[in-house]
Amino acid sequence: MNVNPLYRESIEKIADADFLDFEKFRGKTFFITGATGLIGRVIIDVLRFLNSKNDLNAKIFALTRSIEKAREKFTNWGGKQGEIEFIEQDARDPIPESVSADFIICGASTSHPVAYSNDPEGTIDINFFGAKNIISLANKCPGSRTIFLSSNEIYGNNSNGLESFSEKDCGYIDCNTVRACYNEAKRLCECLFQIAKAKNNVDFVTVRLSRVFGATMTAEDSKASAQFIRDAVNGRDIVLKSPGLQRFSYVYVADAVTGIFLALIKGISGEVYNIGGDVIRLRDFARICGEYAKTQVTFGQATAVEKSGFSASQDSAMNDKKIRDLGWKQFYNIESALNETLKILSSM
């Protein structure tokens, strides 16, 4: 596929980040689940770009449920033939015995409200069994390092009135609800990795991602931010299905990926790192999208399915000092990131 110039620029920014020592990846093999998702696609594009630009000679195993669709999504950056191998299967199925890797990225997950509502069991299963399979792979790959992509959702409701959540804080989650399927699945997976380290000394780090957005979002993404972006791209009014007072951290996918790479390279084994970004209310996110599209922000009613998938959290800002102390820096603020996302999608 042809590369959008703005998207290429974001890939080049990641590849040139002065706080990332990509030499650590030279000649190494990666195994990635969630390969065709919002974040996985950018991770793989960066690695393939570095293969072409810097002759990094990284090998990538990319887990996907459809090789045909995966090939349509990924850019050929000009690297060596065979640099990427697609493995067609569900993340819940055991990883083939033939696979070995130096760096393992556990990124497969359902991560949007309609999925939580329509398939809560599947939301739990893909996280739980996906993590179990990744841990099994890590156990048979001595010297490997794994990163688990967790979520700000593990913090739940900010019942203590904190300005922001640090990695040691806990909010409140009502586990006696269907919507808790995602929050509890991520919490359980974090615990699984801690058990794997305690029992078998598995080398891993966890990143808790804030609300990530970008042009690589999937068509199925039903998050409010994704709906606003699609409305703006199509010149429609931006429809808020709540007063929009929720206060969250948001991060552009390119900045999320630099944080993931940094944690993979420099993170302390067994530690958790927030990747937060900018704090903004949902209505202001909608406003920026409306200003881009020159349309109005209006209010509408959520469907029953949408309501059941909504997060109960109203205040979930993240303190990301810990990852910044490792050297992480954002390239984009919320407005520049949203404008870039909308420009890329509008040109497709």
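## Charges over rings

Arg211 lies over the face of Phe248, 3.4 Å from the ring centre. A charge counts as sitting over a ring if NZ of Lys or CZ of Arg is within 6 Å of the ring centre and within 35 degrees of the ring normal. Lys59 places its charged end over the ring of Phe61, at 5.2 Å from its centre.

This is a predicted model, in which local features need pLDDT of at least 70, side-chain atom pairs count only at pLDDT 80 or more, and totals for chains, interfaces and linings use all residues. Residues are numbered from 1 along each chain as its sequence is written, and side-chain values use heavy atoms, with hydrogens and water left out.

## Aromatic pairs

Searching the whole structure gives 20 aromatic pairs. Rings of Phe, Tyr and Trp (its six-membered ring) pair if their centres lie within 6.5 Å; planes under 30 degrees apart are stacked, over 60 edge-to-face, and the rest tilted. Phe22 and Phe25 have ring centres 5.9 Å apart and planes at 55°, so this pair is tilted.

Phe25 also pairs edge-to-face with Phe103, at 5.0 Å centre to centre and 70° between the planes. That pair links distant parts of the chain, 78 residues apart: Phe25 is in the loop between helix H1 (5-15) and strand E1 (29-32), and Phe103 is in strand E4 (residues 103-106). Helices (H or I, at least four residues) and strands (E, at least two) are DSSP runs, numbered from the N terminus.

## Burial and a cluster

Phe25 is buried at 0% relative accessible area (buried is under 20%, exposed over 50%, partly exposed in between, with a 1.4 Å probe and protein chains only). Phe22 is buried at 6%, and Phe103 is buried at 11%.

Phe248 belongs to one aromatic cluster with Phe213, Phe228, Tyr250, Tyr252, Phe285 and Tyr332.
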